[in-house]
Amino acid sequence: MIKRGLFVVLISLLIISGCSKQNINTGVSIGNNVVINGFSFNPNELSVKIGDTITWENQDSAVHTVVSNGLFESEVLNKGEKFSFTFDKAGEYNYNCGIHPSMRGKIIVG
Ligand SMILES: [Cu+2]
């Protein structure tokens, strides 16, 4: 009987630790952010799940935009301004800054 009790306690602990891990994983969706600084998109390439929303935030004092041809185009983003887009189809999406076309990034949705 004591052994069985220990087993139940162990299983309970495993379930509890499993749940808390899941909660931590859910928090990772905060990571769907792209920071614009130093005239580049950081991270430059980001993998997300279908239905995820990406938010770009401009931290440069220069203005930037986020443009993916035919899919989305942000307003001109001043320092501290954000733009969000939800990707609901799998694929690889290249984007760039409309003001500085050499600034490029990629979102991989799958
Ligand atoms: Cu730019």
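1. The model is predicted, so local features are given at pLDDT of at least 70 and side-chain atom pairs at pLDDT 80 or more, while totals for chains, interfaces and linings use all residues. Residues are numbered from 1 along each chain as its sequence is written, and side-chain values use heavy atoms, with hydrogens and water left out.

2. An open sheet of 4 strands runs in the order 2-1-4-7 with mixed pairing, where strands are DSSP runs of E of at least two residues, numbered from the N terminus, and two of them pair if DSSP finds at least two bridges between them. Its edge strands, each pairing on one side only, are strand 2 (40–42) and strand 7.

3. Strand 4 pairs with strand 7 in the antiparallel sense over 5 bridges, and Glu57 stands opposite Lys82 in strand 7.

4. Asn58 belongs to strand 4 (residues 53–58) and counts as buried, its relative accessibility being 0% (buried means under 20% relative accessible area, exposed over 50%, partly exposed in between, with a 1.4 Å probe and protein chains only). Beyond its neighbours within four places in sequence, Asn58 has contacts, among them Ile36, Val63, His64 and Leu77, contact meaning heavy atoms within 4.5 Å.

5. Val76, in the loop between strand 6 (72–73) and strand 7 (82–86), is partly exposed at a relative accessible area of 46%.
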